[in-house]
Protein chains: 2
Amino acid sequence: MYKTGKDLRSDIRCGSFVEPTSGHASGYVQANLVVLPQDWAWDFLLFAQRNPKPCPVLEVGDIGSPFTSKLADNADIRTDIPKYRIYKNGELTAEVTDLQNCWQPDFVYFLIGCSFSFELALMKASLEIRNITERVNVPMYITNISCQEAGRFKSSPMVVSMRPFIAKDAICAVEITSRFPHVHGSPVHLGDPGFIGIKDINKPDYGDAVSIKPQEIPVFWACGVTPQLAALVSKPPLMITHAPGYMFVSDIKEEELK
Amino acid sequence: MYKTGKDLRSDIRCGSFVEPTSGHASGYVQANLVVLPQDWAWDFLLFAQRNPKPCPVLEVGDIGSPFTSKLADNADIRTDIPKYRIYKNGELTAEVTDLQNCWQPDFVYFLIGCSFSFELALMKASLEIRNITERVNVPMYITNISCQEAGRFKSSPMVVSMRPFIAKDAICAVEITSRFPHVHGSPVHLGDPGFIGIKDINKPDYGDAVSIKPQEIPVFWACGVTPQLAALVSKPPLMITHAPGYMFVSDIKEEELK
């Protein structure tokens, strides 16, 4: 077990840790990665500004710089994430564990909030997170909620994650997550999945199905997979992301996230 | 008195209203304006992302478009603000009431949250806003708090506004404004003005001094004048803002701001 984000990143950097980061360096904020050439960076930052619930931007690099300053002191985006995905014209072309050979002087990275952070806050309030209890990935769905377009980033569907709760815990989950706007904030929907275009709650588009007990209500949060789907739809010539589950682990505690 | 932002903008557009907007269309969000050529837009949006307390971005236009969609249905940034300031290389060169003759196809506008919105929320909680009681502009100060630089936007000082309260009202003001991250959020400082580099609380750098009664604590919020100061320091070749007090008035109620 790694106690801090720094310890974990150190082993990731030298290649001795190539696993999903969930459950490691507990309490430290983890983040989604998007890397785009400068030519597409404005469109993406504007897309994030217009769609803050699915795309809460935590840190943006200077043009060409792979180094962080806010989320971690001098972490290197090229080496400090266990696994990356490279997309060309919207198609996944490679998975790599290092970006040193393909980093370009016009690259801009974006680190985007992820729901791991609010799950911890919910658990501290004694709420049960079903996907954690059942040891599976959280179920995620493509909805009929349209993101706002921004430049060449087309209007693509919002992706949501779902966690089931009884009504009183659902209310508590709204209260708690509304305090975390940097990690998707309050839910975008609760109740009837059909209302947001989800045909079968037992067949998520990403992640794994979880059981929903009698009297439980599915509660839906905007999800960080949304910008990846937007990019696939909008087909930038080159885009790099983390591999799902292989996140950037920061030096910031959840409580410090402002 | 104008009941809605739309009514007020209609008279501004035809040139029959050329006054400060404070107190008009009460309850509708008002916003600061920054217009920059596309070449500088990335730097500014990144500056705002890195300095969200002084620069809470509410809406950004598409490149070349003067029209709004989120804050108002099809308002025209070129005509719907009563007075504008044009800066060239960091120098104020003109005040105009219309941008139709100088709008460029590479212009990008930014509408930025303004503290008028949270003042109303404080008054609803029966807090006295001294600058409103004394019918003067809120006092604003240049501090020793540095904004984070972004591209060609240099690290410039944060500007703050100040409102004095007794301790229990100061606490209440923190609670209330923390719920309004889109209009500067919670204060950045309270108490000793010297701690943030303010030498004389009775000599604000912008606006007017207000009286501070015995037992009152000065409470300081990040202020929307900050990006203007940043631009003056960083000297973009061309920048347009609203004239102080002559704001963009939206169709959105304070409570609807998300």
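Analyst: A:His184 is buried, because 27 other C-beta atoms lie within 10 Å of its own and the cut-off for a buried residue is 20 or more. The model is predicted. Phi of A:His184 is near 85 degrees. That is a positive value in a residue other than glycine. The residue sits in a loop of chain A, between helix H5 (167-177) and strand E8 (189-190).

A:Lys235 is another residue other than glycine with a positive phi, near 55 degrees. A:Lys235 also lies in a loop, between helix H6 (226-234) and strand E10 (238-242) of chain A. Buried would take 20 or more, and exposed 12 or fewer.

H6(A) is largely enclosed by the rest of the structure, because seven of its nine residues are buried. The buried residues are A:Thr226, A:Pro227, A:Gln228, A:Leu229, A:Ala230, A:Ala231 and A:Ser234.

Now the domains. The assignment for chain A gives domain 1 as 5-114 + 234-256 and domain 2 as 116-227. Their C-alpha centres lie 22 Å apart. How many residues does each domain of chain A give to the contact? Domain 1 gives 24, and domain 2 gives 24. On the domain 1 side, the elements that supply two or more residues are strand E1 (28-37), helix H2 (38-50) and strand E5 (107-113) of chain A. H2(A) has the largest share, with seven residues. By class, that side divides into 13 nonpolar, seven polar and four charged residues.

Strands of a sheet pair through backbone hydrogen bonds, either parallel or antiparallel. E7 (157-166) and E9 (216-222) of chain B are joined by seven bridges in the antiparallel sense. Within that pair, B:Met162 has B:Phe220 in E9(B) as its bridge partner.

Another strand of chain B deserves a stop. B:Ala31 is placed in E1 (28-37) of chain B. B:Ala31 is buried, because 28 other C-beta atoms lie within 10 Å, against a cut-off of 20 or more. Leaving out residues up to four places away in sequence, B:Ala31 touches B:Leu58, B:Leu71, B:Leu111, B:Ile112, B:Gly113, B:Cys114, B:Met247, B:Phe248 and B:Ser250. B:Val96 is 65 residues from B:Ala31 in sequence, and the C-alpha atoms of the two are 18 Å apart.

Last, the two chains together. Eight residues of chain B contact eight residues of chain A. On the chain B side, H2 (38-50) and E2 (57-60) are the elements that give two or more residues. H2(B) gives five, the largest share. The chain B side has seven nonpolar residues, one polar residue and no charged ones.

How is chain B laid on chain A? A turn of 180 degrees with a shift of 0.0 Å along the axis does it, at an RMSD of 0.0 Å. This is why the relation is that of a two-fold axis. Which residue of chain B comes closest to the rotation axis? B:Trp42 does, with its C-alpha at 2.9 Å. The same surface serves both copies, as 100% of the contact residues of chain B recur in chain A.

Terms used: Residues are numbered from 1 along each chain as its sequence is written. Chains are lettered from A and ligands numbered from 1 in the order in which they are written. This is a predicted model: local features need pLDDT of at least 70, side-chain atom pairs count only at pLDDT 80 or more; totals for chains, interfaces and linings use all residues. Two residues are in contact if their C-beta atoms, placed from the backbone, lie within 7 Å. Helices (H or I, at least four residues) and strands (E, at least two) are DSSP runs, numbered from the N terminus. Ala, Val, Leu, Ile, Met, Phe, Trp, Tyr, Cys and Pro count as nonpolar, Asp, Glu, Lys and Arg as charged, and the others, Gly among them, as polar. Copies are superposed by least squares on the C-alpha atoms of residues with pLDDT of at least 70 in both. Domain bounds come from an automatic or database domain assignment. Two strands pair if DSSP finds at least two bridges between them.
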